[in-house]
Amino acid sequence: MKISRAWLQAFFDTPLPDADTLADALTFHVFEIDGIEQHGDDHILDVKVTANRGHDCLSYRGIAKEISAILNIPLKNHPLGDKLNLSPQTDAVSVSIDDPRCHRYIAGYIRDVKVAPSPQWLVSYLEKMGQKSINNVVDATNFVMFNIGAPLHAFDAGKLKTKNEKYQIDIRPAREGEKLLALDGKEYTLNPSILVISNDSTAIGVAGVKGGMPASITEDTKDIIIEAASFDGAAVRKAAQHMKLRTDASARFEQGMSPEWPAYAMRDMVLLIQQIAGGEIVGFTDAYPVKQEIKPVSVTLDHINKTLGMSITTDEVSDVFTRLGLLFVQEPVISQTYHHGDKSDLSPAPVFTVTPPFERLDLTIPEELIEEVGRHLGYDKVPSTPLPPSTALPEINHSFAAAERIREDLIAQGYSEVFTSVFAEKGERVVANKVDGVRPYLRTTLIDGLTEALKKNIPNKDLLGLKEIKLFEIGTVWPDAKEIQMVGTITEKGKASEKPLSEHTQNVGHPMSYINLPTSAAIRYAPYSRYPYIVRDIAFWTPSTLHHEANVGSVGSYISDVFKKESGELLQRVALFDTFTKADKTSLAFRLIFQSFEKTLTDEEVNLIMQKVSTVLSAKGFEIR
Amino acid sequence: MPERGHIHPISSLIREANRIFFDMGFTFAEGPLLEDEWHNFDALNVPQDHPARDMQDTFFIKPHIASQQGPTLLSSARSDLAVTEVLRTHTSPVQIRYMEEQIKKGIQPPYRIIVPGKVFRNEATDMTHEAEFFQIEGLVVGEGISLAHLKGTLEAFFAGIFRDASVEIRFRPSFFPFTEPSVEVDMRLVGEHVPEKLRNRWIEMMGAGLVHPNVLKNAGVDPHTYSGFAFGMGLDRLALLRWGIDDIRHMHSADLRFVNQF
């Protein structure tokens with residue numbers, strides 16, 4: 001979620017540190033930061049709120065709470081601290097929840113608001129979030145959502161039907177094929193797995209995802225009904241997936257949200273509406289069938305220390321819980337004698353029992369409390385401890401041992417190892433949802449991939465300095481409704497073949513350890529040129545002064561040096577490929593590979609180099625053949 | 001004698017990793033690439049219809065038609081019995097399979113395994129993303145296994161892989177459904193032999209944490225008696241760092257201009 005430093009400051013009296021310090025505080029104690037952007041004289045942090053904290057941290061309030069705990073700066077006021085009083089109640093709106101996937105629904109009825117452009121501060125706040133201002137009422141719902149984390153919606157009451165001068169709002173499953181023109185201008189076809197907000201049997205919104213056009217706020221809107229609700233996360237997620245529409249609201253609901261939230265969102269919304277759009281509060285209707293149950297969670301100090309591998313004190317634990325605003329009881333209460341006496345007085349181990357605040361749906365087991373302690377104290381304080389010596393010898397994996405042996409055998413025979421894709425043009429098993437759509441099958445053989453790989457490598461034979469391309473792959477295939485590991489080989493001259501790895505496994509026997517095989521000795525990888533290369537062969541008689549057989553090696557390296565000097569970086573490879581002696585003369589033949597990293601070389605460029613090489617060699621007494 | 005061929009850098013890394021971990025008492029474990037949703041997700045505490053399931057883009061495989069008796073078996077009466085199969089999105093399902101197997105054999109922890117192997121993500125590919133790549137998973141279960149043991153083990157592993165450097169490790173908070181607490185592991189290489197691009201720089205290496213009690217429970221291990229740590233690291237990424245490889249797509253290119261450098 002995008003977090004503006006300036007907006008965040010509104011939660012504190014103390015000036016906040018700079019954006020980098022905030023980013024570090026969050027990174028090392030709660031969430032990763034995907035980036036920091038300068039926005040005028042403000043900075044926007046892109047905070048990667050993890051999927052377990054969507055309940056309470058997809059908001060300025062949530063991030064402010066974390067910052068307050070991490071940096072130990074008090075919050076200006078506690079947005080959830082005050083006792084709530086949504087009054088007066090009204091019977092002008094009646095709400096009926098017809099599906100258990102709606103956990104709570106509060107309707108707030110305000111008459112005579114003035115829909116108008118938003119004040120500048122609100123426009124600029126939403127702009128920081130990458131949101132375009134629509135009008136003061138709609139903007140207020142978005143502002144409150146970002147600010148405290150609970151989504152809201154506003155309906156134009158004037159567009160709703162009344163019965164006996166009362167508005168009736170139902171939360172019900174959509175009918176099969178029921179259609180809704182949503183606020184994004186698209187018509188969606190719904191089904192009973194999707195919850196809708198309904199008035200007079202007509203859907204006016206999809207619960208937790210998007211409002212509908214039939215009750216949209218316009219300049220002519222006078223009376224509004226504000227929705228603050230809580231829906232089942234999985235239901236909202238399914239609806240959003242069906243509609244292919246992930247909204248700021250659905251992203252918050254789908255992680256699960258406490259049914260206590262709507263009341264706070266409604267309170268803030270009504271205050272803001274009065275401030276920027278006026279109007280008269282008629283009252284509220286609150287349908288809240290099953291109150292949220294909050295279960296205390298206990299953890300012992302011993303469990304905390306055993307899990308983190310640290311020696312944390314009770315004081316440190318209570319400090320973390322206090323900073324995080326977690327209500328807790330510590331038992332047994334440590335007696336005064338502790339400060340003077342023996343440590344053994346401490347037993348039994350202290351236990352912390354935390355009653356999580358309603359919004360912290362992530363705190364349900366001791367390990368989650370341990371995480372709170374660990375991350376707040378800082379994981380840099382976790383020491384490094386080696387594992388205790390192993391009590392048993394590890395088992396030998398026979399299939400891996402066999403694969404290793406085959407790998408070494410093939411490499412010794414000049415085969416190089418490749419991996420080709422498991423995805424194929426044909427096969428038995430097919431991917432249902434492949435993003436790129438190509439090669440949707442799982443391969444049944446390694447042969448096709450190896451054949452393709454061979455074809456691809458043959459043109460590079462000279463560049464690679466190989467006489468023959470020989471490849472192997474040890475990989476998984478899916479033939480005959482089975483998954484098996486296969487060993488496949490292919491060479492230019494021979495035929496491709498493959499054999500299940502299991503047929504090799506019996507050769508391995510029951511070794512007590514793995515054979516010690518060489519690993520790659522490569523130090524650094526050097527990128528290769530993507531441009532075509534040019535091959536030139538050159539042969540010459542060596543001067544009689546140098547023709548002695550034993551000297552061929554040193555003559556060869558002398559000549560290689562000449563080639564390198566004259567052709568610079570363009571010479572990729574030089575290889576002596578033929579020598580013979582006739583009478584008293586020795587002929588040497590070299591193959592030269594030229595290639596540029598910047599462009600396709602022309603014959604003319606290479607000819608020029610070859611001419612230079614010939615000139616130098618002729619001058620030294622070599623006779624070009 | 002023909003000239004020796006070349007080992008793929010991933011195979012070389014697996015060979016090296018296995019050697020380092022074998023000496024620390026780890027068994028090399030394997031599991032199928034085509035997994036059921038239970039092992040790939042549910043048993044790992046990734047619930048159906050939870051956003052955590054979106055953290056990984058999954059290849060779903062259509063039910064196996066060739067093995068069915070006839071079209072009638074594909075009727076709706078049977079479809080709810082069908083197990084949805086996926087290409088495993090991580091090596092973590094082998095945690096479950098291994099523990100289940102041990103419990104079935106009546107063998108209680110301690111367990112120490114590594115799981116090197118291929119995994120899949122259904123996403124567009126680029127220089128740093130591949131649809132098929134390799135991971136190495138580690139799992140240790142025993143009495144009193146802590147986050148400090150995780151740190152010690154990873155330090156020993158990286159010290160073995162980056163032999164010319166001195167290696168530092170740091171943890172940052174994170175979230176994975178199958179570990180609690182969860183951490184992101186960064187590594188820093190210090191020393192004159194470290195290429196300048198990597199020297200003294202924190203690099204994100206993997207996700208890790210202590211095994212979530214639900215995961216132990218789902219595999220039949222008593223979470224009150226035992227605890228454990230687990231980690232999962234991209235081997236392709238490790239190879240990229242180790243050898244300064246410029247593009248992850250080289251790994252499956254089957255191009256000897258790449259492979260023959262190793």
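**Chain architecture, salt bridges and the A–B interface**

A:Gln506 is located in the loop that runs between helix H17 (502–505) and strand S25 (534–541) of chain A. In this predicted model, A:Gln506 has a relative accessible area of 60% and is therefore exposed.

Chain A contains 19 helices and 28 strands. The domain assignment divides the chain into domain 1 (2–71), domain 2 (93–287), domain 3 (297–380), domain 4 (398–508) and domain 5 (534–624). The centres of domain 2 and domain 4 of chain A, taken over C-alpha atoms, are separated by 56 Å. The radius of gyration of chain A is 37 Å, whereas a compact globule of 625 residues would have a value near 25 Å. The C-alpha trace of chain A spans about 120 × 75 × 60 Å along its principal axes.

Of the 625 residues in chain A, 51% are buried. Among the contacts in chain A with a sequence separation of 6 or more, 69% are between residues 24 or more positions apart.

The contact between the two chains involves 97 residues from chain A and 100 residues from chain B. About 8,500 Å² is buried between chain B and chain A, with carbon and sulfur atoms giving 56% of that area. The interface of chain B and chain A holds 4 salt bridges. A salt bridge is also formed by B:Glu85 and A:Arg429, whose closest N and O atoms are 2.9 Å apart.

Over all chains, the salt bridges number 49. A:Glu32 and B:Arg172 form a salt bridge in which the closest N and O atoms are 3.5 Å apart. This pair joins two chains, because A:Glu32 lies in strand S2 (residues 32–39) of chain A and B:Arg172 in strand S7 (residues 166–176) of chain B. A:Glu32 and B:Arg172 are both buried.

Within chain A, the side chains of A:Arg360 and A:Glu372 form a salt bridge with an N to O distance of 3.1 Å. A:Arg360 belongs to the loop between strand S18 (351–355) and helix H13 (366–377) of chain A, while A:Glu372 belongs to helix H13 itself, so the pair ties together parts that are 12 residues apart in sequence. Both A:Arg360 and A:Glu372 are buried. These two residues also take part in a network of salt bridges that links A:Arg53, A:Asp56, A:Glu66, A:Arg360, A:Asp362, A:Glu372 and A:Arg375.

A further salt bridge connects the side chains of A:Glu452 and A:Arg439, at 3.0 Å from N to O. Here A:Glu452 is in helix H15 (residues 447–457) of chain A and A:Arg439 is in the loop between strand S20 (423–424) and strand S21 (441–442), so that parts 13 residues apart in sequence are tied together. A:Glu452 has a relative accessibility of 45% and thus counts as partly exposed. A:Arg439 is likewise partly exposed, its relative accessible area being 29%.

In chain B, B:Pro109 and B:Pro110 are joined by a cis peptide bond with omega of about 15 degrees. B:Pro110 is part of the loop between helix H4 (93–104) and strand S5 (111–120) of chain B. Another cis peptide bond joins B:Glu180 and B:Pro181, with omega of about -5 degrees. B:Pro181 is found in strand S8 (residues 179–190) of chain B.

In chain A, A:Asn72 is a residue other than glycine with a positive phi, near 55 degrees. A:Asn72 is placed in the loop between helix H4 (60–71) and strand S4 (93–97) of chain A. A positive phi, near 50 degrees, is also found at A:Asp480, again a residue other than glycine. The loop between strand S22 (470–477) and strand S23 (484–491) of chain A contains A:Asp480. With a relative accessibility of 57%, A:Asp480 counts as exposed.

Terms used:
Residues numbered from 1 in each chain as written. Chains lettered and ligands numbered in written order. Predicted model: local features only at pLDDT ≥ 70, side-chain atom pairs only at ≥ 80, totals over all residues. Heavy atoms only, no water. Helix = DSSP H or I, 4+ residues; strand = E, 2+ residues; numbered from the N terminus. Buried < 20%, exposed > 50% of the residue type's maximum accessible area, 1.4 Å probe, protein only. Domains from an automatic or database assignment. Rg over C-alpha atoms; globule rule 2.2 N^0.38 Å. Contact = heavy atoms within 4.5 Å. Buried area = accessible area lost by both parts, 1.4 Å probe.
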